[in-house]
Amino acid sequence: MNSYAIAERINSQVNASVTYKTDLEQYDTPEFWKEAGAFGDCEDYALLKRQVLLKSGFDRKDLHLACCWCETGGYHCVLLCNTDKGWFVLDNRYTWPMPPKSLPYKWDKALDEVDGKWYALSF
């Protein structure tokens, strides 16, 4: 399986199909984690990408929700995805999968899908 190509396609498709809208605008609450439909914020994009990748044959151990601070100071959520070309970030802010070290983020933590625990990130 050319997992990088699948991740690249799904990242692009989800980014194109969802319009960014905050949880406050959608649900009248500051945080509400749910797979994006027509609208969503960063974690909603990440959750939808995770769901589609799992249906495409990816293993849970290769998909980790990750949180970081952006260069703007805002807190952000992305999906870390292990592919045949290594680990990449699937992000609603970027069209293509990005190497984690190439992004202007200060990494915080990620969720290990297998044991359900958050762990500290450093790239």
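# Figure legends: views of a predicted protein model

The secondary structure of the protein comes to three helices and seven strands. All views show a predicted model.

**View 1. Overall fold of the protein.** Read from the N terminus, the elements follow the order α-β-α-β-α-β-β-β-β-β. The C-alpha trace spans about 40 × 30 × 30 Å along its principal axes. For 123 residues, a compact globule would have a radius of gyration near 14 Å, and the 13 Å of the protein agrees with this. Of contacts between residues at least 6 apart in sequence, 46% join residues at least 24 apart.

**View 2. Surface and charge of the protein.** The accessible surface comes to about 6,500 Å², and carbon and sulfur atoms account for 53% of that area. Buried residues make up 45% of the 123 residues. The side chains include 14 positive and 18 negative ones, and the centres of these two sets are 4 Å apart.

**View 3. The largest nonpolar core.** This core holds 21 residues, and those with the most contacts inside it are Leu53, Phe58, Leu65, Leu79 and Cys81. At least two core residues come from each of helix 1 (3–17), helix 3 (42–55), strand 3 (63–69) and strand 4 (75–83). Helix 3 gives the most, with six residues. Apart from residues up to four places away in sequence, Phe58 touches Ser3, Ile6, Ala7, Leu53, Leu63, Cys81 and Asn82. A second, separate core has twelve residues, among them Ala66, Met98, Leu103 and Trp107.

**View 4. Asn11 and its surroundings.** Asn11 is part of helix 1. With a relative accessible area of 0%, Asn11 counts as buried, because the cut-off for buried is under 20%. Beyond its neighbours within four places in sequence, Asn11 is in contact with Lys49, Leu90, Asp91, Tyr94, Thr95, Trp96 and Pro97.

**View 5. Phe32 in a loop.** Phe32 lies in the loop that runs between helix 2 (23–27) and strand 2 (39–40). Its relative accessible area is 36%, so Phe32 is partly exposed: the value falls between the cut-offs of 20% for buried and 50% for exposed. When residues up to four places away in sequence are not counted, Phe32 touches Asp23, Tyr27, Glu43 and Asp44.

Conventions: Residues are numbered from 1 along each chain as its sequence is written. This is a predicted model: local features need pLDDT of at least 70, side-chain atom pairs count only at pLDDT 80 or more; totals for chains, interfaces and linings use all residues. Side-chain values use heavy atoms; hydrogens and water are left out. A nonpolar core is a set of buried Ala, Val, Leu, Ile, Met, Phe, Trp, Tyr and Cys residues joined through side-chain atoms within 4.5 Å. Buried means under 20% relative accessible area, exposed over 50%, partly exposed in between (1.4 Å probe, protein chains only). Helices (H or I, at least four residues) and strands (E, at least two) are DSSP runs, numbered from the N terminus. Contact means heavy atoms within 4.5 Å. The radius of gyration is taken over C-alpha atoms; the globule rule is 2.2 Å times the number of residues to the power 0.38. Accessible areas come from the Shrake-Rupley method with a 1.4 Å probe; for residues, only the protein chains shown count as cover. Lys and Arg count as positive and Asp and Glu as negative; His and the chain ends are not counted. The place of a charge is taken as NZ of Lys, CZ of Arg, CG of Asp or CD of Glu.
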